[in-house]
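Please read it alongside the sequence and the coordinates.

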Amino acid sequence: MSATPKIVPANKVGFDQNVLKANMDALKLRYPELYEQVKRTRITDRYGVSLYKNRWPNLHVRKGKEYSPLYGSGHPEEFAIKSFQEQFKPHSKNLVFLGIGLSYHANGFFQSEEKAETFSTIFVEKDIELFKISLGISNIAFLFRNQNAHFFVGLRQDESYSKLWRYFMEKQWIVLHARSTCVILNDALYEHEKDYYSAVAKNLIHALYQSFIFFGNDPYDSLLGIEHMFLNLKSIIQLPGVNLFFNKFKNMPAVVASTGPSLKKQLPLLKEIQGKVLILAPEASLRALTDAGIRPNFVTSLERVPGVEKLVSPFDFGDDMHYVPVPVVVPEVFDACNGSMFIGYRGFHHFRWLGVDRGILWIKGSAGNMCYNLATAFGCNPIIVIGQDHAYGEDYRTHAEGTIHIAEQKVDKANLVKLPGYYGGEVDSTWVWQMFRNHYITDVAEGNTKGIITINATEGGASIDGAVHIPFADAISTYVAKRQPERINDKILRLRDKFSVDVDREKQRIHAKLTRAIGLAEKNIHELLEGLDYTRKVIEKYADYVYERVQVEDLDAAEIRKDYYDLEQLRIKARYTKNEDYVALVLHVLQPYLINYESQYSNMPAAYDNPAEGQLTAVLTCEDYFLNAIHLANIARRTLQETKDAMERPTAVVLPPESAEKPDASLLWRQHFDNELCLWRFSAHAEVRALTPAYRIGGSLYEEGAGTFDGYTGILLRNRNIFAQELHLLLTNHPEHDKPCKLAGLGREWQIEVVRLRPASDDILIRSHKDNAVLLWILEAGKLSRIVQLGEVAPELELLGTGDVDGDGVEEILWRCTRSHELSAWKIAPGYLESARLAEESLGGGDVMGYVLDRAEGVFSEMVLAELPARSQVIAIADVRGTGRDELVVRDSETGEVRLIAMGSDAGVSAETLGDDLRVEGCGAFLGNGRKQLLVGQCHGGDVFLWDWQADGFVSQPLGTRPGFWMPQSSVAAE
């Protein structure tokens with residue numbers, strides 16, 4: 001029988017000074033603050049040390065008068081390694097150790113073959129004293145030198161969420177592998193400090209998940225932020241920033257008045273202290289505040305959804321309420337405010353990339369949280385929050401009476417979340433409010449480190465860890481009552497008036513950066529295409545497995561493993577994470593998809609009993625990765641190109657003749673940077689008269705064409721906002737319609753063409769690039785009345801447009817096959833759309849009727865028109881010669897030669913040469929001479945021309961310069 005090992009109190013142990021010094025030296029370099037804490041920590045007899053067989057140290061925790069071992073009664077390291085192996089999930093990318101002890105569990109990891117597959121290790125230890133004992137026993141200096149090993153020692157339970165969240169935000173690769181995270185418990189320490197380690201584990205999961213959410217769960221959501229930034233570029237450049245006020249209100253109390261159910265009862269007290277405190281509020285609180293006679297100093301907006309402008313437009317901001325929208329809001333928001341405005345940024349890369357310094361704020365998920373961050377940046381102290389319930393109120397009320405919110409708030413009692421209550425106990429909440437509460441916890445913890453006192457005077461809802469919870473009246477009595485009123489607004493106006501900016505120089509600098517970023521995006525797309533080719537060759541090797549001719553056991557596991565890691569490195573290589581253009585503008589869009597994909601990729605080997613099968617399954621998904629990455633990078637590049645183009649030149653929309661009395665087409669120019677409109681009307685001699693139209697178009701809406709709808713001239717406008725993907729119609733000459741009206745929802749995947757299949761009235765043809773469906777929207781009285789489903793087309797068919805190529809007065813739908821280059825047309829029999837033979841189908845809902853067109857009845861026919869080589873670009877479909885039927889105006893991309901091709905003719909008529917410095921902006925009957933003219937503009941200049949067919953060729957007539965044309969000086973470079 002072996003003797004029971006002697007347990008020596010830790011304060012009586014003579015530690016190995018060489019080991020201790022090596023550990024402390026490495027700790028000092030990596031974690032200097034923790035080093036100082038360890039130095040100050042006194043070792044007591046709370047822990048004891050024994051030696052197994054006089055060689056291997058075991059650590060004991062004192063419980064009363066007795067000591068309990070951390071690593072069993074046998075070999076301590078073998079005990080820990082066995083425990084580690086029982087808990088470890090092979091192929092995990094993130095490894096979390098809860099309870100460091102003597103690092104024996106970690107030794108189990110570093111002795112395993114899978115250690116090379118783990119990217120990050122996180123060590124959490126509650127007790128600094130225990131940690132100091134460990135430093136005198138186990139040499140872990142190599143871990144402190146490892147930048148992928150992260151230590152959280154002495155972390156308070158109430159600050160664990162905030163510190164972990166901030167850490168994950170900094171170390172984004174940990175978030176990248178969130179799904180492949182394995183937690184290893186030191187069982188004895190966990191039992192000893194169960195409440196602590198359970199709470200830390202829960203907060204770690206929440207912090208990791210919400211970091212995941214912060215970086216986006218939808219690429220189009222991320223893209224929307226960049227799109228709105230560019231749409232709001234004029235406002236960003238011209239308006240002053242909140243950085244004018246950073247640290248300018250030091251030690252002034254601030255009140256953040258949010259929209260929670262508890263707000264209303266605090267308003268009488270808030271009104272009494274106006275002028276003594278800085279009042280900040282989200283825009284949704286404005287109605288309740290102003291009705292109570294309270295005018296907040298700063299009002300914030302954060303949401304990217306349409307409708308925010310409706311929260312702002314009803315109010316007179318005067319010169320004493322100052323509006324601070326983050327420029328990811330819809331552009332219409334800036335038009336809605338009639339008062340003083342300032343710009344504030346979220347801490348995203350693309351705002352830093354702009355180089356227009358207006359003040360970065362670490363805003364999380366709500367406009368109320370933005371107010372708190374503003375108060376912090378302004379130097380306010382204390383910060384008192386009211387109406388910050390983060391929970392349902394009485395009768396499950398979601399907001400205070402009198403506040404305004406965009407969307408209807410529904411109570412989901414089946415998925416309630418319980419949160420700690422302001423007065424103790426628990427309150428009912430939602431996962432979104434839980435997230436907002438966690439954001440506040442993070443910010444309050446950060447404020448505490450700076451000496452900022454945060455007072456939660458909501459008096460209802462959920463508590464906020466780290467904040468002082470006292471009644472609003474007590475907070476006023478303690479921090480506000482003795483203060484004298486101040487001329488706060490005079491100070492704001494005085495600081496604002498110091499702002500100045502050279503708008504043109506800022507435009508030129510951003511234009512240069514856009515040019516550089518477009519080149520970088522194109523380079524990245526090329527590299528992704530090469531990665532796709534390589535991936536397809538790898539996948540081809542496993543065709544027998546894909547078609548179930550062999551099992552994974554029949555394949556070479558070592559080769560699968562190599563391909564798995566080679567493709568991982570190939571993906572990493574195509575991410576230019578040290579390039580600011582890429583990180584800010586391409587990676588930001590790709591990031592949500594990338595995080596989801598990589599998280600699944602890294603987790604697949606552990607998800608299968610046979611890791612090789614999991615690795616092979618992951619390998620087979622790589623083609624989809626590259627296809628999606630190419631698609632998203634292309635979208636980012638296109639957004640950059642559209643922005644650059646919009647800065648340089650306006651877009652043109654050809655408006656059809658308004659009436660028989662006004663038989664000529666007109667031209668609507670739109671300068672997107674300023675969002676200004678100019679209407680050109682033409683005389684018979686191509687003289688232009690410029691007019692300013694009476695109507696306006698919101699900055700979120702993009703022109704998609706124009707037509708004649710029930711006798712009125714209409715412009716189709718598309719909203720690409722993912723929260724409101726819609727098609728709108730603006731009737732420009734209707735006496736009652738001076739604003740765009742929504743027709744229906746329409747996703748980005750739909751291509752739009754105006755088509756005339758009925759006498760004297762146009763309809764809308766749409767083609768989906770997702771499922772290749774082709775639909776016809778029929779309009780009546782300016783509204784969508786019914787939908788006709790024309791069928792589906794092969795993915796290789798490109799929709800060129802519509803035109804009356806046979807001269808019968810009804811337009812055909814023209815397609816080109818990208819493989820055979822064959823040009824074909826769909827023709828619908830006259831009158832069929834009005835017939836009763838249409839079979840109704842459930843397409844959409846509400847008052848929209850859907851019909852299926854039965855092609856078998858002979859009312860739908862296809863005809864082959866011509867063959868167009870790949871280099872042939874169709875630049876117009878129009879009757880440019882006055883023959884009574886439309887022809888294809890085709891340009892050879894290699895020679896620039898322009899030809900006219902009529903139905904049934906491949907050769908066509910040679911007409912003109914259109915060089916690379918010119919492009920067709922539009923086509924219309926501008927001159928009233930029985931034929932249509934081409935509007936041709938310079939690509940790198942502002943001049944535009946009208947090409948009119950005369951005798952046997954086009955004659956070019958100069959029209960002047962595009963209204964709003966701008967070109968940067970070459971001397972201004974990107975910074």
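A residue is called buried when its relative accessible area is under 20%, exposed when that value is over 50%, and partly exposed in between, using a 1.4 Å probe and protein chains only. The model is a predicted one, in which local features need pLDDT of at least 70 and side-chain atom pairs count only at pLDDT 80 or more, while totals for chains, interfaces and linings use all residues. Residues are numbered from 1 along each chain as its sequence is written, and side-chain values use heavy atoms, with hydrogens and water left out.

**Overall picture**

Secondary structure follows DSSP runs numbered from the N terminus, where helices are H or I with at least four residues and strands are E with at least two; by that assignment the protein has 27 helices and 46 strands. The C-alpha trace spans about 115 × 80 × 60 Å along its principal axes. Of the 975 residues in the protein, 57% are buried. The accessible surface, computed by the Shrake-Rupley method with a 1.4 Å probe and, for residues, with only the protein chains shown counting as cover, comes to about 41600 Å², and 48% of this area belongs to carbon and sulfur atoms. With contact meaning heavy atoms within 4.5 Å, residues 24 or more positions apart account for 63% of the contacts that have a separation of 6 or more.

**Asn203 and its surroundings**

Asn203 belongs to helix α10, which covers residues 194-214, and because its relative accessible area is 17%, Asn203 is classed as buried. When residues up to four places away in sequence are not counted, Asn203 touches Gln157, Ser160, Tyr161 and Leu164. With Ser160 there is also a polar contact between the two side chains, at 2.8 Å; the term denotes a pair of N or O atoms within 3.5 Å, where within protein one atom must be able to donate a hydrogen and the other to accept it, and where residues adjacent in sequence count only if both atoms are side-chain atoms.

**Backbone features**

The peptide bond from Asn381 to Pro382 is cis, with omega near 0°, and Pro382 lies in the loop between α18 (367-378) and β16 (383-386). In the loop between β16 and β17 (417-420) sits His390, which is not a glycine and yet has a positive phi of about 55°. Asp395, in the loop between β16 and β17, is likewise not a glycine and has a positive phi of about 60°. As to accessibility, His390 is buried at a relative accessible area of 5%, whereas Asp395 counts as exposed at 74%.

Two strands are taken to pair if DSSP finds at least two bridges between them. On this basis an open sheet of four strands has the order β39-β40-β41-β42, with antiparallel pairing. Because β39 (872-878) and β42 (909-913) stand at the edges with a single partner strand each, one side of each is left without a neighbour in the sheet. The twist averages 30° from one strand to the next, with axes being lines fitted to C-alpha atoms and angles running from 0 to 180 degrees between N-to-C directions. Strands β40 (residues 887-892) and β41 (residues 897-901) run antiparallel and are joined by four bridges, and Val889 stands opposite Leu900 in β41.

**Salt bridges**

A salt bridge requires a side-chain nitrogen of Lys or Arg within 4 Å of a carboxyl oxygen of Asp or Glu, and by this rule the count comes to 53. Among them are the following pairs.

| Pair | Closest N to O distance |
|---|---|
| Arg166 and Glu446 | 3.4 Å |
| Asp443 and Lys364 | 2.4 Å |

Glu726 counts as buried at 16% relative accessibility, while Lys742 counts as exposed at 51%. Salt bridges that share partners join Arg166, Lys364, Asp443, Glu446 and Lys450 into one network. Within this group, Arg166 is partly exposed at a relative accessible area of 29%, Glu446 is partly exposed at 27%, and both Asp443 and Lys364 are buried.
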